[in-house]
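Student: I would like to go through this model term by term. Please hold each label against its cut-off.

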Amino acid sequence: MKVAVAGCCHGALDKMYETLELLQRRHNVRPDLLLCCGDFQAVRNEADLRCMAVPAKYRHMQTFYRYYSGEKKAPVLTVFIGGNHEASNHLQELPYGGWVAPNIYYLGYAGVVRFRGVRIGGISGIFKSHDYRKGHFECPPYNQQTIRSAYHVRNIEVFKLKQLKRPIDIFMSHDWPRSIYHYGNKKQLLKMKSFFRQEVESNTLGSPAASELLQHLKPSYWFSAHLHVKFAAFMQHETNSEEELPKATKFLALDKCLPHRDFLQIIDVEHDPNAGDSLEYDAEWIAVLKATNSLVNVTQSTWNMPEKNGLHAKWDYSVTEEAIKEVLEELNHDLKIPCNFTLTAACYDPSKPQKNMEPVHTINPQTTEFCAQFGLTDINDRIQQAKEESSGRAECEEEEEEEMDSTGSAEEPSEYNTDNSGLSSFNPDEIMLDEEGGDEDLSTCSVDPSPDHPPEFSTSFSDIRIMPDSMAVSSDDAMDSNNEELEKSGGSKQVEEKSSTERSLKRISGDENGNSGIKKIKRRNQAIYAAEDEDK
């Protein structure tokens, strides 16, 4: 089975699908499946644009809305994860995954599905230590903080994925697993992206959560995007016992979707020839969702996942074969994901722009149906209930304060200004969409595993590469991966007062003050992504 893998799409669906059609015409290669590693930008209308944490000049409608409205249909089944440039209000409707348009499927905050017997998993968002232990509490309309935290990876999603025991064929994350650069051509990577050097040498580039998952899941393939450079690596995993067979992961990071960029990769994956052509649920993943349902949290309070430390009565939420069998019986052994896409928002109409359209918190019928079928918590419904309860408490407190005012015993007004209308629009997580400008030779913006292993065929256009069968690594780059403790990787200045819990978490790695990442992340963002607009 041929699988196409794309990096940051940034809403350019027409460009992506046209490239696939060009591949078929020129080389008679037709992928059976397209995977996208985040920054998909499933923007339906002007309200969705307001929910993207990008500078105003990058808030372009692009072409997804045509697929959402039914004007166009994806020519190949497309499965994607979320990144840090998304219409978060749209993707939030589908926390467990679902169709965002006909033939285009979102994996949710974390998810596992099957296609032709191939097991595909993924985790959405990017890692930021200050939000990692919170629940999914955000909902539109977002403020300057939640518009960013909405796409930050949470520990519960990592915990769920770590309960999986059966092998994973393909896994996707938006940001790179930390330390993966030690298993590829690091010299060439730093030659292309010299501003990564400090973080690579200090082993702080990438996501420690993704690194943890890489070492646990040991998938055959791992695909990422986010840093807008192509990079390949080969990681041989250590075995836990003499009986365990050696496993290795082929890692590939893709460039962003722009003309003359190497943003597509074609790989051949072994599949079940007897399996159907429909996207299917994964029985073990459904069983894990059911087993961990009691852990769902929709508050912004920080908390730790259960672990074997004497503090939790249960810490192992992996599922038995019997639990998996029960899921199969519930579904009558029919794992096909229903094609139940429905419109939940007005679609953009170029002839009738609505610049003042406001985002609203929506409960998607797909999620309602999924939760009812498997007995799961509808996260958005829970958030809605929490908002209503909070609103009710606020009204009661307001009435009590008015009574206190009448007796002259009310508290003095706060000395702090609570008006947030002047909050900065600076996004500390921002990865601009046009980082390199137009001076360099864009055809060299990729890092292949080794010059000794060229692609299986060369094309006359640089948008597509075929993955080589082997990914050799330069000798000086064969360093062991460190799965470090979670550390602060964000440069956010948006909240200066932190709880002692958050401060202690951020001091786990870095310097003693817990702020070693601030300047270098900010500097890297400025160096990589401050350039002229390529859309012009």
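Tutor: Start with the whole protein. Buried residues make up 54% of its 536 residues. Buried means under 20% relative accessible area, exposed over 50%, and partly exposed in between, with a 1.4 Å probe and protein chains only. This is a predicted model: local features need pLDDT of at least 70, side-chain atom pairs count only at pLDDT 80 or more, and totals for chains, interfaces and linings use all residues. Residues are numbered from 1 along each chain as its sequence is written, and side-chain values use heavy atoms, with hydrogens and water left out.

Student: Why is H182 called buried?

Tutor: H182 has 5% relative accessibility. The limit for buried is under 20%. So H182 counts as buried.

Student: Where is H182 placed?

Tutor: H182 is in the loop between β8 (170–173) and α8 (186–192). Helices (H or I, at least four residues) and strands (E, at least two) are DSSP runs, numbered from the N terminus. The protein has 16 helices and 15 strands.

Student: What makes the H182 and K186 pair a polar contact?

Tutor: Their side chains are joined at 3.2 Å. A polar contact is a pair of N or O atoms within 3.5 Å; within protein, one must be able to donate a hydrogen and the other to accept it, and residues adjacent in sequence count only if both atoms are side-chain atoms.

Student: What makes helix α10 mostly covered?

Tutor: Helix α10 spans residues 208–217, and seven of its 10 residues are buried. They are P208, A209, A210, S211, L213, L214 and L217.

Student: Which residue caps the N-terminal end of α10?

Tutor: S207 does, with a side-chain oxygen 3.3 Å from the backbone nitrogen of A209. Just after α10, K218 takes a positive phi of about 50°.

Student: How many cavities of 30 Å³ or more does a search of the whole structure find?

Tutor: The search finds nine. On a 1 Å grid over the protein atoms alone, a cavity is a set of points where a 1.4 Å probe fits but cannot get out; lining residues have an atom within 4 Å of a point. Grid points are joined across faces, edges and corners, and a volume is the space filled by probe spheres set on the points. The second largest cavity holds about 190 Å³.

Student: Which residues are closest to the centre of the second largest cavity?

Tutor: Of the 20 lining residues, the closest are Y106, Y109, S124, A150 and Y151. Helix α4 (residues 88–92) gives the largest share of the lining, three residues.

Technical notes: 1 Å grid on protein atoms, 1.4 Å probe; cavity = no way out; pocket = protein on both sides within 12 Å on 5 of 7 lines; lining within 4 Å.
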